[in-house]
Amino acid sequence: MKNYLRHGFVFFSIMLFYEVAIAQSPAISNGIKLNVKGFTVKEAYLVFDKDVKVPAGNKVKVNQDVILKIILTTGFKEVGGKVFPGGKEKIATITGETIMESGDLFTDFDKTGVSPEAAKYIAFKAAITDVKNKKSYVLVSFRVWDKKNAANEITGSYKMYIQ
């Protein structure tokens, strides 16, 4: 269930993931800013491959995969036992220059939908493959929405700093 897109400086994918969520109070970490309408977010955080949490400063190496995980408890409207998520991501330099901007990465599921349980676990993956100014950061912004209930969406962003 992965779509891969390579565009210049960024390697990017989005996926639905299954995992046992840790039972704890809602947690948003890594400086992730969220604007949530119609969804209930349990957690949002960054990890490297193998679920190693990204340290608080969001410092990453060139070519290192960073995965934004969003765990939801509610939000998608069910139609015939399925839900229809939308998702996209944009990565820009500190000056606002767009490095990468995806379209809707869930179009493969527009006709079939996905199970409501699978849609509770959303992940975006990005890696900076080249950077001119390592003292700077990139701004990663994202959007998740419900294609069957336009009022429900999550928008947000976080910064990644290059080591």
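Predicted model: local features only at pLDDT ≥ 70, side-chain atom pairs only at ≥ 80, totals over all residues.
The protein chain contains 163 residues, of which 45% are buried, and its secondary structure amounts to 12 strands and zero helices. Read along the sequence, the elements accordingly follow the pattern β-β-β-β-β-β-β-β-β-β-β-β. When contacts between residues at least 6 apart in sequence are considered, 67% join residues at least 24 apart. The accessible surface of the chain comes to about 8,300 Å², and carbon and sulfur atoms account for 52% of this area.

The largest nonpolar core comprises 33 residues, among which Ile70 and Tyr158 touch the most other members. At least two residues of this core are supplied by each of β5, β7, β9 (98–101), β10 (121–128), β11 (137–146) and β12 (153–162). With residues up to four places away in sequence left out of the count, Tyr158 touches Asn30, Gly31, Ile32, Leu46, Asn58, Val66, Leu68, Glu89, Val138, Leu139, Val140 and Phe142.

Ser157 is likewise located in strand β12. This serine has a relative accessible area of 16% and is therefore classed as buried, the cut-off for that class being under 20%. Apart from neighbours within four places in sequence, Ser157 is in contact with Gly31, Ile32 and Lys33, and also with Leu139, Val140, Ser141 and Phe142.

Several pairs of residues that are separated along the chain were examined through their C-alpha distances. Lys59, which is found in strand β6, lies 104 residues from Gln163 in sequence, yet the two C-alpha atoms are 5.6 Å apart in space. Beyond residues up to four places away in sequence, Lys59 touches Gln163 itself, together with Phe48 and Tyr161. Ala56 is placed in the loop between β5 and β6, and its relative accessibility of 73% is the reason why this alanine counts as exposed, a class that begins over 50%. The C-alpha atoms of Ala56 and Ser29 are separated by 7.6 Å, whereas the two residues are 27 positions apart along the chain.

Ile28 belongs to strand β3, which spans residues 27–28. Because its relative accessible area is 42%, Ile28 is assigned to the partly exposed class. A C-alpha separation of 5.5 Å is found between Ile28 and Glu43, which are 15 residues apart along the chain. Glu43 is also one of the residues touched by Ile28, the others being Leu34, Val41 and Ala44, when residues up to four places away in sequence are not counted.

Lys77 occupies the loop between β7 and β8 (85–93), and at 44% relative accessibility this lysine counts as partly exposed. Lys77 and Lys148 are 71 residues apart in sequence, with their C-alpha atoms 6.2 Å apart in space. The residues touched by Lys77, again not counting those up to four places away in sequence, are Lys82, Val83, Asp146, Lys148 and Asn149.

The backbone angles of two loop residues also call for comment. Most residues other than glycine have a negative phi. Asp51, in contrast, has a positive phi near 60°, and its place is in the loop between β5 (40–47) and β6 (59–60). With a relative accessible area of 41%, Asp51 is partly exposed. A positive phi, near 70°, is also found for Asn63, a residue other than glycine, which is placed in the loop between β6 and β7 (66–74).

How values were computed: Residues numbered from 1 in each chain as written. Heavy atoms only, no water. Helix = DSSP H or I, 4+ residues; strand = E, 2+ residues; numbered from the N terminus. Buried < 20%, exposed > 50% of the residue type's maximum accessible area, 1.4 Å probe, protein only. Contact = heavy atoms within 4.5 Å. Areas by Shrake-Rupley, 256 points an atom, 1.4 Å probe, with all protein chains shown as cover. Core = buried A, V, L, I, M, F, W, Y, C linked by side-chain atoms within 4.5 Å.
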